[in-house]
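Subject: Structure for you, with notes

Hello,

Here is the structure I promised. Please open it first, then read the notes below.

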Amino acid sequence: MYNKTWRATGVALILSASMAFCLSAADGEKSLYQRLGGEPAVRAVAGGLVDAILADNRVNRWFAHAASSAANTAAYKAKLADFICQNTGGPCKYKGSDMVSAHTGRAVTGEAFDAVVEDLIGVLNHHKVPAKEKAELLGILGPLKSSIVQK
Ligand code: HEM
């Protein structure tokens, strides 16, 4: 009786340990893009960020062109989504300029960059992106500051 119970407990422990290992291994292999929720999630975040930027008086003066027509707003959302998708391990191909060229001559300030990051955090919170994925995305975009803010 005791033997049987212990054997069953042992088998259950081994099974649950190996299941936990498989689950964490599978999770570890998933790209940030996948963990964010794939293309719909990335497009929702990029779209939400552009909406937030255009409504943010600290930074929207930089985005007069993107705000000037629905087509320009949509094109900017699409480029930003492709950029985020590609840089988080997704299948998209970003076809815009590199970050230095895209921001040359725009006189982006450090304060403006920080304001955009704040807007991004607001959008990620709105979409209930978990802390780990939020930190990873900010860890990818944050270091672009020195390419975008050009002195
Ligand atoms: C991590 C932060 C940022 C990322 C990932 C980013 C990314 C991009 C991308 C992918 C483009 C499209 C480039 C192209 O058309 O080839 C772009 C354009 C642009 N960016 Fe940024 N950017 C960031 C921060 C900023 C900041 C802080 C400003 C100014 C406050 C800014 C101002 C602009 C402007 C004005 C454009 C052109 C938009 C248009 O007219 O369509 N960006 N950015």
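Start at Leu124. This residue is buried, with 21 other C-beta atoms within 10 Å. The cut-off for buried is 20 or more, so Leu124 qualifies. Leu124 sits in helix α7. Leaving out residues up to four places away in sequence, Leu124 touches Val45, Val129 and Lys134. Leu137 is 13 residues from Leu124 in sequence, and their C-alpha atoms are 9.7 Å apart.

One caution before the rest: this is a predicted model.

**Overall**

The protein has nine helices and zero strands. From the N terminus, the order is therefore simply α-α-α-α-α-α-α-α-α. There are 151 residues in the protein, and 17% of them are buried. Take the contacts with a separation of 6 or more: residues 24 or more positions apart account for 72% of them.

**The core**

Which residues have the most contacts inside the largest nonpolar core? They are Val42, Val45, Ala46, Leu49, Leu80 and Ile84. That core has 21 residues in total. Two or more residues come from each of α2 (32-36), α3 (38-54), α5 and α7. The biggest contribution is from α3, with seven residues. As general background, nonpolar side chains in soluble globular proteins tend to be buried together.

Setting aside residues up to four places away in sequence, Ile84 touches Val42, Val45 and Ala46.

**Helix α3**

The buried residues of α3 are Val42, Val45, Ala46, Leu49, Val50, Ala52 and Ile53. Seen down the axis of α3, they fall within an arc of 165°, so they line one face of the helix. Their packing partners are α2, α4, α5 and α7.

**Helix α5**

Here the buried residues are Tyr76, Leu80, Ala81, Phe83, Ile84 and Cys85. What covers them includes α2, α3 and α4. The 18 residues of α5 should span 26 Å at 1.5 Å a residue. The end C-alpha atoms of α5 are 26 Å apart, in agreement. After α5 comes Gly89, which has a positive phi, near 95°.

Ala81 lies in α5. Is Ala81 buried or exposed? Ala81 is buried, with 22 other C-beta atoms within 10 Å. Ala81 and Val45 are 36 residues apart along the chain, yet their C-alpha atoms are separated by 7.8 Å.

**The ligand**

How many residues surround the ligand? There are 22, and the closest are His65, Gly96, Ser97, Ala102 and Ala112. Four helices each supply at least two residues of this shell: α4 (64-67), α5 (70-87), α6 (99-103) and α7 (110-126). The most come from α5, with five residues. By class, the shell holds 15 nonpolar, five polar and two charged residues.

**Two loop residues to check**

Ala107 is in the loop between α6 and α7. Its phi is positive, about 50°, although Ala107 is not a glycine. Ala107 is exposed, with 11 other C-beta atoms within 10 Å.

Lys128 is in the loop between α7 and α8 (131-141). Lys128 also is not a glycine, and its phi is positive, near 55°. Lys128 counts as exposed, with 7 C-beta neighbours inside 10 Å. The cut-off for exposed is 12 or fewer.

Best wishes

How values were computed:
Residues numbered from 1 in each chain as written. Predicted model: local features only at pLDDT ≥ 70, side-chain atom pairs only at ≥ 80, totals over all residues. Near = placed C-beta within 6 Å. Nonpolar A, V, L, I, M, F, W, Y, C, P; charged D, E, K, R; others polar. Contact = placed C-beta atoms within 7 Å. Core = buried A, V, L, I, M, F, W, Y, C linked by C-beta atoms within 7 Å. Arc of directions from axis to C-beta. Expected span 1.5 Å × (residues − 1).
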